Amino acid sequence: MRGTGGPVGENDLQARIDGRLPPERAEIVDTYLAAHPEERERWSQYAKQREALRAAFGAQPAGSIPTRLQVSHLLAQRHRRHRQLTRIAAAVALLVLGGVGGWTARDVFPGLASSASAMLASAVFDDAIAAHRTFSVETRHPVEVGANEEAHLVQWLSKRLGHRLIAPDLTALGFQLMGGRLLPADSGPAALFMYENGKGTRLTCYYLSANVGGETEFKYREQNGTSAFYWVEDGLAYAIAANTDRDLLLKVAEIIYQQNSPDGARAKIPPAPGKPS
């Protein structure tokens, strides 16, 4: 659909959920959604997921939550992070165009690549852990599409992310696929697969398209009882989260890495805290 400001795109839909569109543009988006029932349904799912995340972070009175954990502060951080990523992408584009003059990103911005990589890691860690905390405790609706429709789920999420995804086979560690869902993220749609073992422990695998070249070693973070491993390979960021110990989660991450790697190579694993590298 075309109107004031151009066609309605993914950014408009996300901004409409956040309430960041001017009234004229919001009216155009609403008209577009009314005319496209499938898009309206997808948008409604995004809105419900965003409200679930807001509720998860805002369940307690604001006065009892530190400022750094209040939902308004977290959303403001996400918006700032998105603007920073946009500026970095623009700078890289300019440098590529300036390459004919002999410029390189290393000459002009020596820390550009590492900064972009660090920002992506932080964003994926934050979003993956937030998604795990929100949906792993659900009893009636932990997933959007169940494991009984695995083929449809994988095909749908692969199409939305623009990457060939797989639902990892974690049965060797006692985890069975429950299903998955589509999630919104600053840079586009994200995918979430959820698993559960016989003890009721749930584990989530979060995927996001990553505009950062090359590969990264595994990175680990533990936050209020939730552990997560993160890495990037072939333009896709992975984050595995669970309320479990580092050793078990590392085994899960290695299996997922091997199942997604063409040659099944072992990832470069960082030493555990307190152990020599």
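**Aromatic pairs, cores and a helix contact**

Student: Which residues do ring pairs link into a cluster?

Tutor: Ring pairs link F193, Y207, F218, Y220, F229, W231, Y238 and Y257 into a cluster. Rings of Phe, Tyr and Trp (its six-membered ring) pair if their centres lie within 6.5 Å; by this rule the count comes to nine aromatic pairs. The model is predicted: local features need pLDDT of at least 70, side-chain atom pairs count only at pLDDT 80 or more, and totals for chains, interfaces and linings use all residues. Residues are numbered from 1 along each chain as its sequence is written, and side-chain values use heavy atoms, with hydrogens and water left out.

Student: Why is the pair of F125 and Y230 called tilted?

Tutor: Planes under 30 degrees apart count as stacked, over 60 as edge-to-face and the rest as tilted. For F125 and Y230 the angle between the planes is 45°, at 5.5 Å centre to centre, so the pair is tilted. F125 belongs to helix α6 (residues 112-135) and Y230 to strand β6 (residues 226-233), 105 residues apart. Helices (H or I, at least four residues) and strands (E, at least two) are DSSP runs, numbered from the N terminus.

Student: How do you know whether F125 and Y230 are buried or exposed?

Tutor: Buried means under 20% relative accessible area, exposed over 50%, and partly exposed in between (1.4 Å probe, protein chains only). F125 has a relative accessible area of 4% and is therefore buried; Y230, with 1%, is buried.

Student: What makes F218 and F229 a tilted pair?

Tutor: Their centres are 6.0 Å apart and their planes 50° apart, so the rings pair and count as tilted. F218 lies in the loop between β4 (202-209) and β5 (219-223), whereas F229 is in strand β6. Both F218 and F229 are buried.

Student: Why are α1 and α2 called roughly perpendicular?

Tutor: Angles under 35 degrees count as roughly parallel, over 145 as roughly antiparallel, 65 to 115 as roughly perpendicular and the rest as oblique. Helix α1 (residues 10-18) and helix α2 (residues 23-35) pack at about 110°, with their axes 10 Å apart, and are therefore roughly perpendicular. D12, L13 and R16 in α1 meet R25, A26, V29, D30 and L33 in α2.

Student: Which residues have the most contacts inside the largest nonpolar core?

Tutor: A nonpolar core is a set of buried Ala, Val, Leu, Ile, Met, Phe, Trp, Tyr and Cys residues joined through side-chain atoms within 4.5 Å. The largest has 44 residues, with the most contacts made by F193, Y195, L203, Y207 and I256. Helix α8 (residues 246-260) supplies its largest share, seven residues.

Technical notes: Axes fitted to C-alpha atoms, helices over the stretch in contact; angles between N-to-C directions. Contact = heavy atoms within 4.5 Å.
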